[in-house]
Amino acid sequence: MRNSALLRRTGLTVAAAAAFPLALTAAGPAAAQSSGISVSTTGSTVSVVTSACTQINGSWGTASLLNSSQANFAQGRQVALSGTSVSQSAAWSGVSPGTYTVIVVCSNQQTAGTQSVIVSAPATPTVTAKASPSRGVMGGLGGAARDYGPVTMGVGAALVGTGVIAGAWFLRRRSKPNRL
């Protein structure tokens, strides 16, 4: 008795495990067909790509970009699809920041897909003001940015003068080697 209950529970578990992948497989293609478009944004440009449409009388179909206040396909910014039998695309440029809905209707009047997209505002660089000197640039001797005062300037001048005198004495002494 105990073995039959265990066998029954195991059998139900195995049956459920076998049915689960089949249910996912059946739902998978239907879910993929509901949105056969891919929408992307780059800056203020929105683009859509699909492979669900076929060409009829030279037309692949039309894509429409709807903002939040527009309710149906005809109210949006419409663009004709262009491309090949492998991939069709459309693009809108100069789109303002906000939330939009992209709808693609093929030339056979079948909807290829609907998808929402958010267009973000472009990042603007921030400019910060820097303080400028109130007295302007302090130019002068050596381009000093600080006033050292007369004592420091006098000591500097004495050192430069001593260097000039020592250099002249050294050069004069070299010209006559036996002279002291």
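This is a predicted model: local features need pLDDT of at least 70, side-chain atom pairs count only at pLDDT 80 or more; totals for chains, interfaces and linings use all residues.
Trainee: Why is strand β3 called largely enclosed?

Mentor: Strand β3 covers residues 61-66, and five of its six residues are buried. So the rest of the structure largely encloses β3.

Trainee: Which strands are joined to β3 by bridges, β7 and what else?

Mentor: Six bridges join β3 to β7, residues 98-106. Four bridges join β3 to β4, residues 77-80. Both β7 and β4 run antiparallel to β3.

Trainee: How do you know that β3 and β4 count as paired?

Mentor: Two strands pair if there are at least two bridges between them. Between β3 and β4 there are four. So by the rule of at least two bridges, β3 and β4 pair.

Trainee: Which residues stand opposite each other there?

Mentor: Ala 63 stands opposite Val 79 in β4. On the β7 side, Leu 65 has Val 102 as its bridge partner.

Trainee: What holds strands together in general?

Mentor: Strands of a sheet pair through backbone hydrogen bonds, in parallel or antiparallel fashion.

Trainee: What is the strand order in the open sheet?

Mentor: Four strands form the open sheet, in the order β1-β2-β6-β5. The pairing is antiparallel.

Trainee: What makes β1 and β5 edge strands?

Mentor: Each pairs on one side only. Strand β1 spans 37-42, and β5 spans 82-83.

Trainee: How many bridges join β2 to β6?

Mentor: Five bridges join β2, residues 45-50, to β6, residues 88-92. Within this pairing, Ser 47 stands opposite Ala 91 in β6.

Trainee: Why is the link between Cys 53 and Cys 106 called a disulfide?

Mentor: The cut-off is a pair of cysteine sulfur atoms within 2.5 Å. The S to S distance here is 2.0 Å. So the pair meets the cut-off. The count by this rule is one disulfide.

Trainee: What does the Cys 53 and Cys 106 pair tie together?

Mentor: Cys 53 lies in the loop between β2 and β3, while Cys 106 lies in strand β7. So the pair ties together parts that are 53 residues apart in sequence.

Trainee: Why is this disulfide called left-handed?

Mentor: The torsion about its S-S bond is about -75°, so the disulfide is left-handed.

Trainee: Are the two cysteines, Cys 53 and Cys 106, buried or exposed?

Mentor: Buried means under 20% relative accessible area. Cys 53 has 3%, so Cys 53 is buried. Cys 106 has 5%, so Cys 106 is buried too.

Trainee: Why is Asn 57 called exposed?

Mentor: Exposed means over 50%. Asn 57 has a relative accessible area of 82%, so Asn 57 is exposed. Asn 57 is found in the loop between β2 and β3.

Trainee: What makes the phi of Asn 57 worth a remark?

Mentor: Most residues other than glycine have a negative phi. Asn 57 is not a glycine, yet its phi is positive, about 55°. Gln 109 also has a positive phi, near 70°. Gln 109 lies in the loop between β7 and β8.

Trainee: How do you know that Gln 109 is exposed?

Mentor: Gln 109 has 62% relative accessibility, so Gln 109 counts as exposed.

Trainee: Which residues form the nonpolar surface patch?

Mentor: Val 151, Val 155 and Leu 159 form the patch. Together they have about 320 Å² of accessible area. Leu 159 is in helix α2. At 61% relative accessibility, Leu 159 counts as exposed.

Key: Residues are numbered from 1 along each chain as its sequence is written. Side-chain values use heavy atoms; hydrogens and water are left out. Buried means under 20% relative accessible area, exposed over 50%, partly exposed in between (1.4 Å probe, protein chains only). Patches are made of residues with over 30% relative accessible area and no salt bridge: like charges are joined within 9 Å, nonpolar side chains (Val, Leu, Ile, Met, Phe, Trp, Tyr) within 5 Å. Accessible areas come from the Shrake-Rupley method with a 1.4 Å probe; for residues, only the protein chains shown count as cover. A salt bridge is a side-chain nitrogen of Lys or Arg within 4 Å of a carboxyl oxygen of Asp or Glu.
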